[in-house]
Amino acid sequence: MPKTLDAVDRRRAPGRGLWLLGPAMVAGVAYLDPGNVASNMTAGAAFGYLLVWVVVLGNVMAWLIQYLSAKLGIVTGESLPQVLGRRIRSPWARRAYWLQAELVAMATDVAEVIGGAVALHLLFGIPLVWGGAITGVVSMGLLLVQTRRGARAFETVLIGMLVIIAVGFSFGLFLAPPEPAEVVGGLVPRFEGSTSVLLAASILGATIMPHAIYAHSALSRDRFAPSSPLGADGLEAARGISTPRLLRATRWDVTIALAVAGTVNLAILLLAAANLAGVDGTDSLEGAYAALRDGLGPLVATLFAVGLLASGLASTSVGAYAGAEIMQGLLRARIPLLARRLITLVPALVILALGIDPTLALVLSQVVLSFGIPFALVPLVALTARRDVLGAHRNRPATTVAGVLASVFLIGLNAVLLWLVFTGG
């Protein structure tokens, strides 16, 4: 029996199913980036518990979208950019698709580096430009782990940072918990004026991001890459583990990852709703930090800043990974991850050097993300519904309908976001 199969048989022993978990945890880091922090904190401070339902709804839709992305990577052994790179025949169309995906990845990276820079400024008083440079250097170290130690080591490091993020953003709730009745009331879908619609769209735009969709398919592909060469029996035989078992484990992986991410995002909104409602200046990360320090004490504020730092460092690493995959899959060109990290670091450092308001830059980055949502969601739902792509593992009709409805809703709400931003509504 091949060595790979022996290893897989050992993993089938009781308790070894945990070996199959991990890719969704890394992709889930993207759901806790500085854009999420800014959107949820502002929503809670401005409207209290009004938009609790948006966070919950976004998490439910994110579960479906991330599972479909992971399924595509597992069943085909390719990432979403790779599949699209094969199916888009026209070189010019492929380059145009790459350009929009690349701009979205770079906008995401800008937001994450700025978040790390702001956190370092809050914690240590480091100037924003130097904070951005430090964030970039540390993220390069994280990418070096992925390059030299492999997918599993990369997952372990980022899951550790996910724990830091969760503690940093949730601790304040234990000191100043929200009213349960108010939280339940926030589950009723409603808006109060165009500003609440704008914030709802921002929350969803910061939650369901194109680069997380691209990255998850690649993370699953890399994590379950076969140890033996592909033969006539195909990908499943080369892996030595059944595809249905991998998909079952992936559903658990996505469920756990999104439960963590959703709980932390909700905690950020509730922390602001319970303690910062009506407080001036909480529409920026620096203002939220100051309000937490003055209202709940320096420990809560410091943990918030630590969580923001971990958020920026971890999410920018995932963003760089996604960007490299987009280039390789669509252009069939590969540049080293570290070189790419240096290139994509430049726009964020320029923004910080020019003295542009960091929170404004975060908001504008979410606008750019809105443009990229349809280009990631529509192909994902369409491809995972096709027999010639996923075979027997293609979506069931109900899954496809749910994916279409989620896509229409998200694209529509992002269109509203763009309209409100550009018209000043």
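Student: Which residues are linked with R87 and R386 in a network of salt bridges?
Tutor: D388 is linked with R87 and R386 in that network. A salt bridge here is a side-chain nitrogen of Lys or Arg within 4 Å of a carboxyl oxygen of Asp or Glu.

Student: What kind of model is this, and which pLDDT cut-offs apply?
Tutor: The model is predicted; local features need pLDDT of at least 70, side-chain atom pairs count only at pLDDT 80 or more, and totals for chains, interfaces and linings use all residues. Residues are numbered from 1 along each chain as its sequence is written, and side-chain values use heavy atoms, with hydrogens and water left out.

Student: How many salt bridges does the rule give?
Tutor: The count is 6.

Student: Which residue does R221 pair with at 2.8 Å in helix α15?
Tutor: E325 forms that salt bridge with R221, 2.8 Å from N to O. E325 lies in helix α15 (residues 298-331) and R221 in helix α11 (residues 210-223), so the pair ties together parts 104 residues apart in sequence. Helices are DSSP runs of H or I with at least four residues, numbered from the N terminus.

Student: Is R221 buried or exposed?
Tutor: R221 is buried, at 12% relative accessible area. E325 is buried too, at 4%. Buried means under 20% relative accessible area, exposed over 50%, partly exposed in between (1.4 Å probe, protein chains only).

Student: What about D222?
Tutor: D222 also forms a salt bridge with R221, with the closest N and O atoms 2.8 Å apart. D222 is partly exposed, at 27%.

Student: New topic. Which residue meets R86 in a salt bridge?
Tutor: E78 does, at 2.8 Å from N to O. R86 is partly exposed at 45%, while E78 counts as buried at 18%.

Note on methods:
Helix = DSSP H or I, 4+ residues; strand = E, 2+ residues; numbered from the N terminus.
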